[in-house]
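Work through the exercises below with the sequence and the model open. Try each task before reading its solution.

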Amino acid sequence: MTDSNEQAAKQLDDTIERQRAEPDQQAGDNPELASLLALAARLDHDLPPDLPDPAFRVQLGQQLQALPASLRRFFYDWRFGVAAAALIVILLIIAIFGSGALSGGGNVPPARETVVSAMSGGEGTAEPGTIGTPRTVEDTAVFPPIDAEHVVFIPTATPTAVSTPAVSTPAVQPTPGVALHTTLPELPETAPTWLLTGPEETQAFLETLIARTGITGEIEKDESAGQNAYQVVDTSGFAAIHWNQHDAYFRYDRGRLEPTPPPIRATTDPEVTAKDWLSEIGFDLTTIQYKETAQVISGRTIVRFDPINLPVTALTPGLGVTLGIDPDGSIQFAEGYWLSLDQMAEVHLQNAQQMLDATENDEWFSTEGHDDSLSLDITSAQLTYLLTRADDSSYLLQPVMAFGGTRGSAHGPAPDVIYVSAIAK
C-alpha cells in the first residue's frame, strides 16, 4: 500500500470511528459522505454479517454510482476494517468488477470460463480435440483444489461398516505426524493437464439419450444418488438410465420393455457392436481416443473402452466406459464418464518435498475422509492424476502426488493413500 493510500486508510478508519460515536456531526457539508456513513451505520448495527438483501444492494449501488470518482477511489485500496466491514467489501467489489455485481449481473466469469481462459492464455477456446502445441499455464490458482468438494470419486461398492470398540475398551488415539519410509521421486519441471467437458444440461442430455436408446421413460430426480443425480424410469417402473450431472457419470441398464436388437448384432464382433452402439447414442469417440478390450464372463462379453491419449487416473473406475453385451447383440449395461477432450496444457510442478510438507499443513485428500491431525507412515510416493470438477460440465485432470502407506485412527492402523496437488501455485 502506498503512503497516500495508507493516509487515506487512516482517514477512513478515523472517520468511521468518529461516526460510530457521533454519526450526525461527522459528515460536515458533504451530503454524499453523510449518505455513505449512514449506510455504514446500518450495515454495522442493523444487518447480519453476510451481504445485504437484494433491495438494499440496489439502493447502495445507486448511491455509490452517484459519488464522485475521487470519493470512490478513496476506498479502492483499503483493507477490511472492523467497523462497517461489509460496506468495505461491497466497495471493493464495485472497484474491481463494476456495479453490476451488486444486482446479480456481475462480470465474475463462471468456473469453466475462468479455467478455459487460463488454459488457452486468454485467446479463446480451441476447437474440441485440437490441442496443438501445449502452452504452460501460469494462472493455476483458478484450478479446482484437491479436496472432497472437487475430486470426482465414484464409489464402486458400499463401504464396509467399521465396528466401534466396546465401551470398556478405550480408543487408542494415533500419534499425529507423517513418517517417510521410502525415497521421494525426482519430478520433471512441468507436467500436462487436460480440460474435459461433459453435457451442460441434464434435461436436454437425457431427452436425447432416451430417444437414441429407443426407450420410453420419464426423467426423475434420484435423491438417493446425490443432489444432481437423475434417473429415467420406463413405463414398467424400471430405472433404465442413471445420470449424475455433478460427476458426468452415467449408467444404462436394459429393461424388459426395451426393443429387441436387430439380428445383425448377434453375428457381429461384440467390440464392433459396442462401438456402434456408443456412436448411436452420441458418446464421443473422437476427441478422446479409446482402446477396446473384451472379456467373456458367463456367456456375456464385457467390453472396456480405455483412453489412450489421457493418463490413467488414480481412482477407480477410471476414465472410459464399460459395456456388457449378450450373445443376441443386446446391450445389457453400459457405464462410465461422459466426457470430451477440450484442451491440454502444461503446468509447473512442486518438488516432492514441498508436497510432503503440504501433508503436514493439512493440504491433502483421501477417499477415506479427512482428519484434523494426520497420522501416516508413507511407504510409497508416485505422481498420478485425479479428475476434478470446475463446475457441473467442466473437469480438469490434474497431476497429484499419491502417498501410500498405513494411516492411524482410533480403530487401529489401516492402509490408505492420500493425494496432494502437484501443481505449483
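**Exercise 1: a loop residue**

Task: locate Q350 and list its contacts.

Solution. Q350 sits in the loop between strand 12 (340-348) and helix 9 (352-360). Helices (H or I, at least four residues) and strands (E, at least two) are DSSP runs, numbered from the N terminus. Next, take contacts, meaning heavy atoms within 4.5 Å. Leaving aside neighbours within four places in sequence, Q350 is in contact with L187, M355, S421, A422, I423 and A424. Finally, look at S421: its backbone oxygen lies 3.0 Å from a polar atom of the Q350 side chain.

The model is predicted: local features need pLDDT of at least 70, side-chain atom pairs count only at pLDDT 80 or more, and totals for chains, interfaces and linings use all residues. Residues are numbered from 1 along each chain as its sequence is written, and side-chain values use heavy atoms, with hydrogens and water left out.

**Exercise 2: a strand residue**

Task: decide whether I378 is buried or exposed.

Solution. Start with the position: I378 is found in strand 13 (residues 375-391). Buried means under 20% relative accessible area, exposed over 50%, partly exposed in between (1.4 Å probe, protein chains only). I378 has 0% relative accessibility, so it counts as buried. Then check its surroundings. Leaving aside neighbours within four places in sequence, its contacts include V178, L356 and F403. G405 is 27 residues away in sequence, yet the C-alpha atoms of I378 and G405 are 4.4 Å apart.

**Exercise 3: aromatic pairs**

Task: find which rings pair with W338, among them F205 and F250.

Solution. A pair of aromatic rings is described by the distance of the centres and the angle of the planes. Rings of Phe, Tyr and Trp (its six-membered ring) pair if their centres lie within 6.5 Å; planes under 30 degrees apart count as stacked, over 60 as edge-to-face and the rest as tilted. The whole structure holds 11 aromatic pairs. One of them joins F205 and W338: 4.8 Å centre to centre, 75° between the planes, edge-to-face. F205 lies in helix 7 and W338 in the loop between strand 11 and strand 12, so this pair ties together parts 133 residues apart in sequence. F205 is buried at 9% relative accessible area, and W338 is buried at 9% relative accessibility. F250 and W338 are also edge-to-face, at 5.0 Å and 80°. F250 is in strand 7, 88 residues from W338.

Methods:
A polar contact is a pair of N or O atoms within 3.5 Å; within protein, one must be able to donate a hydrogen and the other to accept it, and residues adjacent in sequence count only if both atoms are side-chain atoms.
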